Amino acid sequence: MNLGFGLNNLTSITVSELTKAGAGSALVLLIAGIALLFAGRLILKLTVSVGFGVLLAYIGLRVSSVMKLGQIASILVVLILFVIGFLVGWVIFKLSLSIIAGLSTALLLGGYMSLNLLYTLLLAIILMVIFYLAMEYIITAVAALAGLALIYISVNSLAGGEWALVAVILMLVLAIIVKTAHRRRK
C-alpha cells in the first residue's frame, strides 16, 4: 500500500518549494512571524499557563465527578485548580525543559569525556540549574528565530528571496531596537 509519501518524495523537496506559500497564507505567516518576533515568549507563556490550568481543571472535574461532589463543589474545585495550574504552569514548563536539556547534555558530555555515573549526574544537576536560569533567554531567542523564519517564508512567497532577506534583517534590527528601548525604560 503506497500512500504517495516516501523517502524519495521527502528528499526531492527543494528549499524554494518549501518556502513558497499562497498570498493568504503568506499574510497569515507574516502576522504570526511578527507576533512571535516581538511577543513570542509572552504568547508561549500565556499558552502554557492556560493549557496547564485547563489540564488541572479537567483532572479536578474528573476526580470530583468520581467522588460525586455536588455541582457547586465541583465548580469550586475546577476554578481553584485552574488558577493553581495557571500560576505554576510556566515554572513547571521551564523546569521540564531544563531537566531534559541538562540531562541529555550531561549524558552526551559524560559519554564523550568518559565520565563515570557520579560525575555525569553531578554535571547533569549543574547543567539543569544553568539551563533553568537561562531558559527565559533561550525561549525568547527560539521564538524570535521562529518569527524571523516565518517572516522570511512569507516575504519570499510574496516578493522573492532578496526582499525576504532584507525584510528579515530590518525586522531583526527593529526587534533589537524595541527590546533595548524596553529594557532602558525598566
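**Notebook: contacts, helices and a helix pair**

I began with contacts in the protein between residues at least 6 apart in sequence, and found that 75% of them join residues at least 24 apart. I note that the model I am reading is a predicted one.

I next looked up burial. Of the protein's 186 residues, 23% count as buried.

I then listed the secondary structure elements. The protein has 6 helices and 0 strands. Read from the N terminus on, the order of elements is α-α-α-α-α-α.

I turned to one pair, helix 3 (residues 23-66) and helix 5 (residues 117-159). Their axes come within 8 Å and cross at roughly 165°. An angle over 145 degrees counts as roughly antiparallel, and helix 3 and helix 5 are therefore roughly antiparallel to each other. I recorded the handedness of this crossing as left-handed. In the contact of helix 3 with helix 5, I found 20 nonpolar, 6 polar and 2 charged residues.

I also consulted the UniProt record, an unreviewed entry. Under "transmembrane region" the entry lists residues 21-38, 44-61, 73-93, 99-130, 137-155 and 161-178. I checked two of these spans against the model. Residues 44-61 are 100% helix and 0% strand, and the end C-alpha atoms of this span lie 25 Å apart. Residues 73-93 are likewise 100% helix and 0% strand. For residues 73-93, the distance between the end C-alpha atoms is 29 Å.

How values were computed: Residues numbered from 1 in each chain as written. Predicted model: local features only at pLDDT ≥ 70, side-chain atom pairs only at ≥ 80, totals over all residues. Heavy atoms only, no water. Axes fitted to C-alpha atoms, helices over the stretch in contact; angles between N-to-C directions. Helix = DSSP H or I, 4+ residues; strand = E, 2+ residues; numbered from the N terminus. Parallel < 35°, antiparallel > 145°, perpendicular 65-115°, else oblique. Left-handed = near helix turned anticlockwise from the far one by under 90°. Nonpolar A, V, L, I, M, F, W, Y, C, P; charged D, E, K, R; others polar. UniProt positions renumbered as here; feature names shortened; annotations may be inferred. Buried < 20%, exposed > 50% of the residue type's maximum accessible area, 1.4 Å probe, protein only. Contact = heavy atoms within 4.5 Å.
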